[in-house]
Amino acid sequence: MLDPVMFTGGVYKHDLVTELIEDLGGYLLQKNVTQSEVILLMLVPHEDMPVLEALTKELKGKLERAPLAGTEIAVVTPTLAIHHLPHPACDVAEYLRRHGAKSNMIGMGRGVAREIAQIDEYETGLINEHDAVVFTFGNFADCILKKEHLYRTLTIPVIVTGGPEMKKEDLPYAFEYVANVGRIAHRSRKATEIGSLDNIVAAVGRALDSVRASISKDPLTTTPPRVMEAVREQVPDVSASLSPLPIALNLNGLRIKLPYQEYHEAVAGVTFDEGVTLGEIAKVMPSRMKSYILVRILPTSETGFVV
Amino acid sequence: MEMDPLEVFEVRMPGEDYGADKYRDIIMDILQDLGLIRSIGRLYVYVEIEIPYFAVFGMIRGKQPPLKVRDVGDLVPTEGGYQITVEDEEHMANLIRVLWGTYGREKVEQPDRNVLVVLSDESPEELMVADLETEFRRDLMDALVRIAPEGFRNRRNEMGKESFFFLAAEETITPELVADAKEKIRGMQNA
């Protein structure tokens, strides 16, 4: 059992943390250096947490649980216009990020209005590549009800946010509805507004748990962090990717930020200690996001073994 | 007409009480951002979500006189011309543009960051630096477009001397719709 945690501390001696994680058999998901501070997002074996806690104390760093680490969440706004951005969509995205998730903001092409709102096949495909999605709607109850068709076809859990209180049974296609967000024209700073953001994080956590539960019924052939490690070792060019997070983890695979055309064969050829290649235990396909590579690990029922 | 800033501010949205409350905040935020609150005396907002449309009617507080050179800086006659010392740099760019246009570039000097010298016998005192009234109306239009929900793409705008009426709807705006919105706003005014 791996625990997702976030380490915040000074750059000085932070490599002791990364080395310890390696020795413990954990994974370093993301490393952000901001001047003299470093933020490490990691997966650590549950039973070894006291060791890491002791080292953190020694380095005078801070260790927090990051429940959303290793997941990618989409935050969808009806458009990219000033009406919907930057508040509150950026607040939601930033808040999810602070809890360890990789959040992507998606502005729909024609998501506005009550009667004319629509979602196209590309947008559906792009959103479905994430682990969960947060739709930010406005302050009119009537509009929130009528915009249901925007997310009806999505296969991932949908968290709908809006202003007014709504009944759960009125939104059958939403995983959960979080009220008191809606359209605002200032940054979230009041206690009630921050509380609503906490509610969104909690709802996303529950949505991810439901995905994890359904995956555990037919476990993946291997875990996404293990594939990440193997790709980092065997496709070294990934470290030259300019993305802040060259390999983004999903619950059922990963997104590798290298051009599909040039690298998909190298990625599919990544070999594990057991002798199988990634191409045999996962689907390597082009992502809808730029020209990236999307890897979807096959479940045990399809491959017949676990590595 | 003498009015206090936003002495009346009413938002009515039948069936959407939460929306009415929130839109009050949004309108306040946006008017504050664009510095328009002091220029608006009364504001009525009516939204009919069934049709749907978004109507705003407002009364403008007083007319703003055009901004002249003597309003933006201290004017002192000097040898061979006039010296203007500007304290608030907000209108500096406009001021230089106007002086260049009137006297030509070679006759305008800027010895210091906030000092301009005009080499001419004619006083620039009465030159117009900025038309605040036009700027205000442009900002007001911008604010209204920002306030109205984005899906309401069909807009109608009637800008008067003392008041303005703005209507945004999803479907084509018909004369009946305009009449209905005005009727509802009149109802709010008389209530």
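Which residue of β8(B) does B:D112 stand opposite? The answer comes in point 2, along with a few other things to look at in this predicted model.

1. Let's begin with the fold of chain A, which has ten helices and 13 strands. Its radius of gyration is 20 Å, close to the 19 Å that the globule rule gives for 307 residues, so chain A is as compact as a globular protein of that length. Along the principal axes, the C-alpha atoms of chain A fill a box of roughly 55 × 45 × 35 Å. Buried residues account for 42% of the 307 residues in this chain. If you take the contacts in chain A between residues at least 6 apart in sequence, 66% of them join residues at least 24 apart.

2. In chain B, have a look at strand β8 (residues 115-118), which runs antiparallel to strand β6 (residues 81-86) and is joined to that strand by four bridges. Here B:Q83 stands opposite B:V117. Strand β7 (residues 108-112) of chain B is also antiparallel to β8(B), with three bridges between the two. They form a hairpin with two residues between the strands, and B:D112 stands opposite B:V115.

3. Chain B is divided into domain 1 (8-63 + 132-190) and domain 2 (67-130). The centres of these two domains of chain B, taken over C-alpha atoms, are 39 Å apart.

4. Finally, the contact between the chains: chain A contributes 23 residues and chain B contributes 16 residues. On the side of chain A that touches chain B, eleven residues are nonpolar, eight polar and four charged.

Conventions:
Residues are numbered from 1 along each chain as its sequence is written. Chains are lettered from A and ligands numbered from 1 in the order in which they are written. This is a predicted model: local features need pLDDT of at least 70, side-chain atom pairs count only at pLDDT 80 or more; totals for chains, interfaces and linings use all residues. Two strands pair if DSSP finds at least two bridges between them. Two residues are in contact if their C-beta atoms, placed from the backbone, lie within 7 Å. Ala, Val, Leu, Ile, Met, Phe, Trp, Tyr, Cys and Pro count as nonpolar, Asp, Glu, Lys and Arg as charged, and the others, Gly among them, as polar. Domain bounds come from an automatic or database domain assignment. The radius of gyration is taken over C-alpha atoms; the globule rule is 2.2 Å times the number of residues to the power 0.38. A residue is buried if 20 or more other C-beta atoms lie within 10 Å of its own, exposed if 12 or fewer, and partly exposed in between; C-beta atoms are placed from the backbone.
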